[in-house]
Structure formats: C-alpha cells, structure tokens
Amino acid sequence: MKITLTNTFFILSLVILTVGYILPIYVMFVTSLKTPLEITQRTYLIPGEPLQFQNYIRAFELTFPSLINSSIITISVTAISTFIGGLNGYFLSRYKSKLTKVLFILIVIGLFIPYQVILIPLVQIMAATKLALTYLGLILSYIILNVPLASTLMGTFFFSIPRELEESAEVDGASRIGIFFKIISPIAAPAYASTSIIIFTQVWNEFLLALTLSTPYTTPITVKLAEIKGSYVALYNLQMAAALLSTMVPLLLFLFLGKYFVRGILAGALKG
C-alpha cells in the first residue's frame, strides 16, 4: 500500500480511536484484579500484586441470580419482538394502502420518542394491570418499546427481497402465510440475526426501566451492578469484575450470530 498523507491520517485516527476504546476496558480489567486498598492508590494502569482472581468468583456469586433474571427477560423480549417485528415489517413492505402509511408513521413516532417520556404512563399501566414488579410486566414493557425498532429493521430488509419469488410461489398455490414462513423467513435469516443482536444488547444494558419495575426477586444485572458497589465502602473491584462478567452473554451472542450481523444491516441499506 502506498503511504500517503491521507493514509497516514486515517491510520493514526484508527490507532487513537482503538486506544481510546480499549483503554477503559483495560482499566476495568486491571481494577477488577485489585484489592480495595490498591484501588485507593490511583495507579489505574498498573496491575496489583498479587492478582485477585477470587474477585471474579465473589462477583459471580453476587450476580448469578441477576444474570438468570436478565437472561429470562432479554431472551423472551428478543424472541417475541423479533417475531412480531418480522410480521409487521412484512405487512408494511408488501401492502400499500392508507392504513399501512398511518401504521408506518405511528411506528416511526414510536421509534424516535425517548422512552423516558412514556415511562410514567407505562408504569401506571403495569400497576393497573397488576403486572408491575413481575417478570411479565418487565417483558411486556420491553416488547412495547422494541417492536417499533424490530418492525423498521425487518421491513427495510423485506424491501430488498424480489417480489418475483412470492409471485412464483403464488402461481404454485402457496398461501400468503406459507410464503412468509417457508420462503421469506429463511431468506431473511441475516435480518432476524442482526435485529436480535440489536434488541438483545439494548434490553440487556437497559437500566432505568429495570430499576423502576424490578423487585429484589427479579433484579436484572444492570441494577445489580449499581448495588454491588456498596453504600458505605465502594467495592469497585467487585463492580468491575461483575461488569466484565455481564458483558460475556451479549458478547457470546454476537460471536455466534455476528457473521449475519453486517450482512443483515447492509442488505436493507443497499436496496437501490
């Protein structure tokens, strides 16, 4: 590759951005292996001696119930939101009428409204239906917030699928439902994967709604991470260890479905 001023600028920019992104993670990792006394010395980049690997065992014991709670909530929300989003997206991409235009506008409004705006009405609805402080209340709340995003992402992908495929299936006598589940859905696997990763990550990392609607028995990992620090003594080593452990689940999901992620995003974006 010919070295030019432009290439040098881009390489330096990438190096600076990479260091800026990795440095906080490195500080988290180093802090997670220190004692509280070593942390007070403010040598953030220097590992302590000896390394306190037992912090991870203690952090896992403290967060295990919350990891289970977050897994139940996040997997349920991701599966249901992606399924409903697929149906909505297919309907909006294939049927052209005034109704679909109105529905599309409503979905876009739902997509861009900050969820903090509807937090109080949402909590009041959950309280009125006696679903507040339950798994079901949290799951339904997250589904309401994430279906617009799933519908938009899936609908964008369905626009890129040629209609000739469906017309050929209709000639062979296939029903609309059969076409969706047997022909369109398998083709849309990259879009389902990328949508699942985005929604899973959003729900897994969400804090405010989880803090409002959870109980000590349904506490998600984000709320637990805030509690671990402690009220009287700041145990940042345990908090950093727990935070790194909590990233393992979404990271594993991304590694498992990552090969579909970019393909699913680009498929809708490249539609001419």
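Which residues are buried in α12? Select N237, L238, Q239, M240, A241, A242, A243, L244 and S246, and you have them. Helix α12 covers residues 236-246 and is mostly covered, with 9 of its 11 residues buried. Here "buried" means under 20% relative accessible area, "exposed" over 50%, and "partly exposed" in between (1.4 Å probe, protein chains only). Helices are DSSP runs of H or I, at least four residues, numbered from the N terminus.

A word on the model: it is predicted, so local features need pLDDT of at least 70, side-chain atom pairs count only at pLDDT 80 or more, and totals for chains, interfaces and linings use all residues. Residues are numbered from 1 along each chain as its sequence is written, and side-chain values use heavy atoms, leaving out hydrogens and water.

Next, jump to helix α4 (residues 98-112) and pick T100. T100 is buried, at 6% relative accessible area. Its side chain reaches the backbone oxygen of S97 at 2.7 Å and the backbone oxygen of Y95 at 3.1 Å.

Stay in α4 and click L103. L103 is partly exposed, at 31%, and belongs to a nonpolar surface patch that also includes F91, F104 and I118. Together the patch residues have about 1000 Å² of accessible area, and α4 gives the largest share, 7 residues. Patch residues have over 30% relative accessible area and no salt bridge; nonpolar side chains are joined within 5 Å and like charges within 9 Å. A salt bridge is a Lys or Arg side-chain nitrogen within 4 Å of an Asp or Glu carboxyl oxygen.

Last stop: select K96, K98, K101 and R163, which form a positive surface patch. R163 sits in helix α7 (residues 163-171) and is partly exposed, at 37%.

Conventions. Accessible areas come from the Shrake-Rupley method with a 1.4 Å probe; for residues, only the protein chains shown count as cover. Lys and Arg count as positive and Asp and Glu as negative; His and the chain ends are not counted. The place of a charge is taken as NZ of Lys, CZ of Arg, CG of Asp or CD of Glu. Helices (H or I, at least four residues) and strands (E, at least two) are DSSP runs, numbered from the N terminus. A polar contact is a pair of N or O atoms within 3.5 Å; within protein, one must be able to donate a hydrogen and the other to accept it, and residues adjacent in sequence count only if both atoms are side-chain atoms.
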